[in-house]
Amino acid sequence: MLDSLAQLYLPGALTLWCALFFSLMALWGYAHSLSPAGAAASLPFARRAYAFFAMSVVLCGLLMTLLLALRDFRIEYVFQYSGLDLPMHYQIAALWAGQKGSFLIWLFWGALLGLLIGRTAGKNEPAVMGIYTLTLLGILFILVRENPFVMLRETPLDGEGLNPLLQDDWMVIHPPIMFIGYAATAIPFAFAMASLWRRQYDDWAARSFPWALGGFLVLGSAILLGGYWAYETLGWGGYWGWDPVENASLIPWLFGTVLIHGLHMERTRGRFRRINYVLATLGYLSVLYGTFLTRSGVLADFSVHSFVDLGISGWLIGLMVFFAGLSIFLLATRLKEVPTEANEDPFLSRGTFLVLAAITILISTAVITAGTSAPLLTRFMENPGQVGPSFYNRVNLPIALLIALLLAAVPYLSWKGNEPREILQKMIGPLGFAAVLSVAAGIWAVREPIHLLFVFLSGLALATNAHKTFTKYRAGGLRAAGGYLAHVGVGIILLGILASSGYDESTKVTLELGKPRQVGDATLTFQRFLPRVGREKEGMEIRVQQAGGKEFLVRPRMFTNDRTRQVMVNPDIRNFLLQDFYVSPIELDPGESAEVALAQGTSSRIGDREFRFDSFELQAEGGNAMAAMAAGKPINIVTRVTVTQEGKSETVQPVYAFNPATGEVSNPMVALASGGTLSVGGIVPMNGTVQLLFNKPLLSIDVTRKPLIQLVWYGFYVVLIGGTIALVFRLREMQRRE
Amino acid sequence: MNKKGYYLLGATLLLAFAGFSATAFKETLTPYVPYEMARKGDRVVQVAGALEKGSSSYVAQEESLYFTLQDPKTKENMDVRYKGLKPANFEDAISIVAIGRYDETARKFEADKLLVKCPSKYQGAEVKTYS
């Protein structure tokens, strides 16, 4: 014990121990205020203890951030995830680069959110806060055990640096937002458990609704940012790969989607009363389960984001079992007591359709969970395996069709029920829109009947909800329009998904420097290499001439990380109204190379090219190159070389820069119009000969056209804006009522 | 239709969908298998191993990459053909997972996807997928 104590950074460890102490105090206080004897005095005590707990956690988080900012490599975590070469924003982002730091930021947000929950819980505050504190205690235990403040015996001069894949601006914002979303799933869970425990079944739905909606919006934003990251910088070819880590964030989000609809129904019409408890529970447990899947190493061989077992699997399983046990106990003993309304809705009514939509989304969630768990499920069979994207795509296609159909009908359905003819009459406008859209899609490229149906139903959902958003807005402003607006977004997303992933065209081609090549209806020319300038990494410039005469440049990046020597790739994307033009480098082959030594004025042949060394010039800062050379200052030798091929000549000026003080040489390759590159390999000053290097680099790229991919982003914005509108108005209503 | 009828219909649809999902699951599942089992070539599987140093060669005409994997435990070898370009960091990989099917006549594992695991510091290893 003493030995391990000596290896801890005490101020940091102290904040964690304080947090542990105060959280236990808070728990005791909340529990005591619920006992008949304890009563009034205990609640202020518990609140104060919670505030101290939150303060300790915030301090702990800030301290770790400070240690990272100061690059204090005595701390093992700082050493493992940061380094002297990192700019400050990556240095701070290293806080969520490792597992310990990820748990720390999760706890950080969780503790801060907790400061606001108590006030919204009403009379049930002690129970809600007690259970909420319990969920945070679980994460805190992991941190106390896997202490992030472990110190090394010796202080290294530099850290190991941040994984180059994570050195990206998206990395700075995507994970912390994700963890706010994860932390927020514990809030409806705490409300639900407290409500069951205290047998106060009435107002938990209304009170936790804004939290559930807020959490849904935050998690949704994080998923959107992750999609951007994958698409725009990582060059994975798409925004979604059905990777276990992606799914681990999608599953709680889908539960959240059903939960906000359920809570809304309970709040306004007293429906879904029992199922909402189950939904809130599943939402939280799915976060724990996802954390277990991705952090325990069970998926190590199956995921793009590979995580190695940190030895916390036992803890995570323990947490899951504890909270699952608690919720199963409470659900089993109390759910029967929750009053429900008998379901007397006719089939064609809003109530029935909402239930159907909820079931459909839950089925999708179950299937995605099963797919993500495949390595675990099949572990007990002979050979563990995994399912690929084709599984998720195939299974979710009918689900998406059904969701679109239900979404399309909902705006025109009443609670009491409708006649089919009445609905169809109201739908005439949107039906026309969907028909026109399907015909247009058919003319464009969509031939498969099921895809045409997909376009028709998504278009219909978009149109009916847009119509309803408009009429609601006209009647009463934005107040009741948010939900419908969000549904418009879903229709847009569905169309974008179908077009961009069902009808994308991808070709892998190899380009020779300088030589135009036809790819589809465009001509691509790999023009030149781009040098590293400041934070801009090395890359290539490719000229794209499209059939219509449109011409543009793309500059994908491909560079070697200085530290790990890993080859990194960033695609470049041109957005057009109807499609994205996406170019991702795959490999750069230096190609065949040849060398000639030439004295001034002489020439020599390599293959069918003739190279003539015309002249050279010495350049230096200050003008006097001879004096600079004598003084040992850097000089540039600018050569003039004429290259002739098949009667055509061109003159280029490759440079050889030499710094005698450091011995540094820079001799960039110059692209030739006839293809290939030329550089100066060396100079022999005695006899004035140069060594010329001729290269024919080959660049392999992935060229993809993604039609209408912008719709996925725009649709997502619309969903988030619609949800935010709804949230703002619910919060205002609540404030008025309090 | 009465209420019971609706429930029955719902249950039938649900069962049908469950069957559909289970079939899709079975069909798309790619199990990790030892080389010996992969050689049966009866389904799409994944095999893992270390790259035999110097065994990789890219044949430009076929746009294919040939290499040999070695099982670190049994020291067995498996020849692989991957129809695609050589992934970045391929030679430095600590382990490679090939997903595909064994071709009896060519006596090679025809991979359509590669997972390349490189030594890196993000919790020990980093995997990238190529297809």
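Analyst: On a 1 Å grid over the protein atoms alone, a cavity is a set of points where a 1.4 Å probe fits but cannot get out, and lining residues have an atom within 4 Å of a point. This is a predicted model, in which local features need pLDDT of at least 70, side-chain atom pairs count only at pLDDT 80 or more, and totals for chains, interfaces and linings use all residues. Residues are numbered from 1 along each chain as its sequence is written, chains are lettered from A and ligands numbered from 1 in the order written, and side-chain values use heavy atoms, without hydrogens and water.

User: How many cavities of 30 Å³ or more are there?

Analyst: A volume is the space filled by probe spheres set on the points, which are joined across faces, edges and corners. The count is four. The second largest cavity has about 140 Å³, and among its 18 lining residues T185(A), P188(A), A212(A), G256(A) and L259(A) are closest to its centre.

User: Which helix gives the largest share of that second largest cavity's lining?

Analyst: Helices are DSSP runs (H or I, at least four residues), numbered from the N terminus. α11(A) supplies the largest share, six residues. The lining has 13 nonpolar, five polar and no charged residues (Ala, Val, Leu, Ile, Met, Phe, Trp, Tyr, Cys and Pro are nonpolar; Asp, Glu, Lys and Arg charged; the others, Gly among them, polar).

User: Which residues lie nearest the centre of the second largest pocket?

Analyst: A pocket is an open set with protein on both sides within 12 Å along at least five of seven lines. Here 41 residues line the second largest pocket, with T352(A), V355(A), L356(A), I359(A) and Y7(B) nearest its centre. Its volume is about 1400 Å³.

User: At what angle do α16(A) and α19(A) pack?

Analyst: Two packed helices are described by the angle between their axes and the distance between the axes. Axes are lines fitted to C-alpha atoms over the stretch in contact, with angles from 0 to 180 degrees between N-to-C directions. α16 (389-409) and α19 (449-476) of chain A pack at about 30°, with axes 8 Å apart. That makes α16(A) roughly parallel to α19(A) (an angle under 35 degrees). The contact (heavy atoms within 4.5 Å) includes L397(A) of α16(A) and I450(A) of α19(A). Its residues divide into 13 nonpolar, three polar and no charged.

User: Which residues join α14(A) and α1(B)?

Analyst: The axes of α14(A) and α1(B) come within 11 Å and cross at roughly 25°. I363(A), V367(A), A370(A) and G371(A) meet L14(B), F17(B), S21(B) and F25(B).

Notes
Helix = DSSP H or I, 4+ residues; strand = E, 2+ residues; numbered from the N terminus. Parallel < 35°, antiparallel > 145°, perpendicular 65-115°, else oblique.
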